[in-house]
Amino acid sequence: MKSLIWRQLLLTSLIVPAIIAPTFAQQSDRVYVAVSTAAVGFTQATIEPSGSAYRAELASFRVECASTSPCPVRLRYTGSAATSALGYELDDGDSRTLKGWDNIDNASWIRSGSNDAVIDVIFHR
């Protein structure tokens, strides 16, 4: 009887993680967004790529300057496009995380100074 119980426990310990693990598997993708004089956001393909079972729920990003000069940018995630005067101002090296699909989908950046920037983004699914 003990042998049978141990066999069932062993089988359960091998099978259950194989079933549960894909549910909790975290996927991430990295993209770079060039920020200049027109407001830019994420494309639907970067937020929810075809073939992926998960859409982005977190987007961690960092502002990087294309030059050695300061490159302030503005971020908005209210649904309205960022302008050079409206939005949260960030500069080279600043990093933030957007949480929630709506915030990620509504995010837009624009430069608020005279230099272009690049947003280095990692989407977590």
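1. Contact here means heavy atoms within 4.5 Å. On that basis, and leaving out residues up to four places away in sequence, V121 touches D29, R30, V31, V33, F42, A59, S60 and F61. Keep V121 in mind, as this residue comes back with the core below.

2. Some housekeeping. This is a predicted model, with residues numbered from 1 along each chain as its sequence is written. Local features need pLDDT of at least 70 and side-chain atom pairs count only at pLDDT 80 or more, while totals for chains, interfaces and linings use all residues; side-chain values use heavy atoms, with hydrogens and water left out.

3. Overall layout. The protein has three helices and eight strands, and from the N terminus on the order is α-β-β-α-β-β-β-β-α-β-β. Both kinds of element are DSSP runs numbered from the N terminus: helices are H or I with at least four residues, strands are E with at least two. Take contacts between residues at least 6 apart in sequence, and 80% of them join residues at least 24 apart. Of the 125 residues, 27% are buried (buried means under 20% relative accessible area, exposed over 50%, partly exposed in between, with a 1.4 Å probe and protein chains only).

4. Which residues touch the most other members of the largest nonpolar core? They are F42, W109, I119 and V121, in a core of 23 residues. At least two core residues come from each of β1 (28-35), β3 (58-65), β4, α3 (101-106) and β8 (117-124). For the record, a nonpolar core is a set of buried Ala, Val, Leu, Ile, Met, Phe, Trp, Tyr and Cys residues joined through side-chain atoms within 4.5 Å.

5. Aromatics. The count comes to four aromatic pairs, where rings of Phe, Tyr and Trp (its six-membered ring) pair if their centres lie within 6.5 Å; planes under 30 degrees apart are stacked, over 60 edge-to-face and the rest tilted. One of the pairs is F42 with F123, edge-to-face at 4.8 Å centre to centre and 75° between the planes. F42 sits in the loop between β2 (40-41) and α2 (44-47) and F123 in strand β8, so this pair ties together parts 81 residues apart in sequence. Both F42 and F123 are buried. Together with F61 and W109, they form one aromatic cluster.

6. A second pair, Y77 and Y88, is stacked, with 6.0 Å between centres and 25° between planes. Y77 belongs to the loop between β4 and β5 (88-90) and Y88 to strand β5, eleven residues apart. Buried or exposed, which is Y88? Y88 counts as exposed because its relative accessible area is 51%, while Y77 is partly exposed at 29%.

7. Also on rings: the charged end of R55 sits over the ring of W101, 4.4 Å from its centre. The test is NZ of Lys or CZ of Arg within 6 Å of the ring centre and within 35 degrees of the ring normal.

8. The cysteines. A search of the whole structure turns up one disulfide, defined as a pair of cysteine sulfur atoms within 2.5 Å. C65 and C71 make this link, S to S 2.0 Å, and with -90° about the S-S bond it is left-handed. C65 counts as buried because its relative accessible area is 19%, and C71 is buried at 0%.

9. D120, in strand β8, is buried at 10% relative accessible area. A 2.8 Å polar contact joins the side chains of D120 and R30 (a polar contact is a pair of N or O atoms within 3.5 Å; within protein, one must be able to donate a hydrogen and the other to accept it, and residues adjacent in sequence count only if both atoms are side-chain atoms). Beyond four places in sequence, D120 touches R30, V31, Y32, S60, F61, R62 and E64.

10. R74 lies in strand β4 (residues 73-76) and is buried at 17%. A polar atom of the R74 side chain lies 3.4 Å from the backbone oxygen of S84. Leaving aside neighbours within four places, the contacts of R74 include A82, T83, Y88, E89, W109 and I110.

11. Last, a loop residue. G79, in the loop between β4 and β5, counts as exposed at 51% relative accessibility. G79 and N103 are 24 residues apart in sequence and 8.2 Å apart in space, C-alpha to C-alpha.
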